[in-house]
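Hello,

Here is the structure I promised to pass on. My notes follow below it.

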Amino acid sequence: MILQSLNITLVFTSYGPPGALNYGVFVISLVVYLTTVFANITLMLVICLDTSLHKPMYIFLFNLAVNGLIGSSAVLPKILENLIDDIKDILYTDCILQVFFINVYGTCAYAILTLMAYDRYVSICKPLQYHNIMTPAKIRLLLFIVYCVPVCSLAVQVYLTSRLPMCRYTINKLFCDNLAVVNLSCVKNTWGDLYGICLVLIFVVLPLIFVILSYVRILFVSLKASVSARKKALKTCTPHLITFINFSLASLFSVIYNRFNINLSKEVNVFMSIHFILIPPLLHPLIYGIRTKEISNSITKIFQRKILALSFNLKTEQRCNDALFISTK
C-alpha cells in the first residue's frame, strides 16, 4: 500500500444531511442487523447442540450462517454510525478492509451454496454412495478450499487496488466496494480489471453453471422416480433453491447498482446499495428454519428441554424451601 494512503480519510456523499430519511433507515437497519445476528447465532447453536444435525448439509448451512455474520458485520455497523453522524467518513485502510470482507462474504457465500447443491445432487442422484462420497475428510477439504481459495485470491485483488495512486477522496455510496475505490485512482487499472473479470468467472459464473447442471440432473432423476421420491426431493431442494435464487438476485442488483449509472430516487439508491448485505444474511436462516423440518423440530426440542429443565429446577427449589420451612418449625 502506498504510504501516503495510510492516513487518508474518505467521505461518503450518499447519506445526505441528518434527517427523517437517515433516522428511518437507521432504525430499520438496526432492527434488521440485530435480527440477522440473533437468527444466525440461533441457527449455529441449534446445529452445534443437536447431534442429529451433524450432517454435511447442516455443516454447510452452519458455515453459510458464519459467512452471513461476516458480511453484515463488515458493513452495517459503519453504515449505522454514518447515518447519525454529521461527518460521513472512513479511513482509507478501513475502507480497504471493508472491500476485502465484502468480497469474501460474496464469493464464499456462492461457494458454500455450490457445495450445498453438490450435496443435494449426491443425496438424490447417488443415494447408495452418499456416505462414501460425503466423508468427514472430504467435507473438511471442501470447506478448506471454499475459504482458502477466495481469501487468497481476493487478498491479491485488494492489494492491487491499494497500490493505485489516488486523486479523489469522495465515494458516492453508503459503503466501500472495490469499484468505488478503483474509481478514486488517477490511473486506469488494466491489470486489476482483468484480474477482477477472472475472479467473476471463477467464483460466480462457474458456480452458477455447476448449480444449474446439478438441478437439471436432479430433475431428470426425480422424473424417473416415484411420486413420494419426487416430493421428498422437492422438499429437500426447495430451501436451497430459494436461498440460491435470493442471493443471486441480490448479487445481480448489486452489480447493476455498482456498474451502471442509472438515475434512481435516493430511497431506491439506498435500498439497492444495502440489499446485497442486508437481505440475504437475514433470510437464509429464516428460510431454513421455516422450510427445513429437521431444524424446526430441533429448535422445538431444545426449547422444550430448556422449559422442562427450568420447571424441574423451580420444583426442586420449592421442595427445598418447603423442607427447610418444616424443619424450622
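Phe210 is partly exposed, with a relative accessible area of 34%. Keep in mind that this is a predicted model.

Aromatic pairs come next. The count is eight. In one of them, Tyr118 and Phe210 form a tilted pair. Tyr118 sits in helix H3 (residues 92-125) and Phe210 in helix H7, so the pair ties together parts that are 92 residues apart in sequence. Tyr118 is buried: its relative accessible area is 19%, and the cut-off is under 20%.

There is also a ring cluster. Ring pairs link Tyr105, Tyr110, Phe244, Phe247 and Phe276.

Now back to helix H7, which covers residues 190-224. Leu213 is found in this helix. Leu213 is exposed, with a relative accessible area of 55%. Leu213 also belongs to a nonpolar surface patch of about 1000 Å². Other members of the patch include Trp191, Leu194, Ile197, Val200 and Ile209.

What does the record say? An unreviewed UniProt entry places the feature "transmembrane region" at residues 20-46, 58-76, 96-118, 139-160, 194-220, 241-258 and 270-290. I looked at two of these spans in the model:

- Residues 20-46 are 100% helix and 0% strand, with end C-alpha atoms 39 Å apart.
- Residues 139-160 are 100% helix and 0% strand, with end C-alpha atoms 32 Å apart.

Best wishes

Key: Residues numbered from 1 in each chain as written. Predicted model: local features only at pLDDT ≥ 70, side-chain atom pairs only at ≥ 80, totals over all residues. Heavy atoms only, no water. Patch = residues over 30% accessible without salt bridge, like charges linked within 9 Å, V, L, I, M, F, W, Y side chains within 5 Å. Areas by Shrake-Rupley, 256 points an atom, 1.4 Å probe, with all protein chains shown as cover. Salt bridge = Lys/Arg side-chain N within 4 Å of Asp/Glu carboxyl O. Helix = DSSP H or I, 4+ residues; strand = E, 2+ residues; numbered from the N terminus. Buried < 20%, exposed > 50% of the residue type's maximum accessible area, 1.4 Å probe, protein only. UniProt positions renumbered as here; feature names shortened; annotations may be inferred. Phe/Tyr/Trp six-rings, centres within 6.5 Å; stacked < 30°, edge-to-face > 60°.
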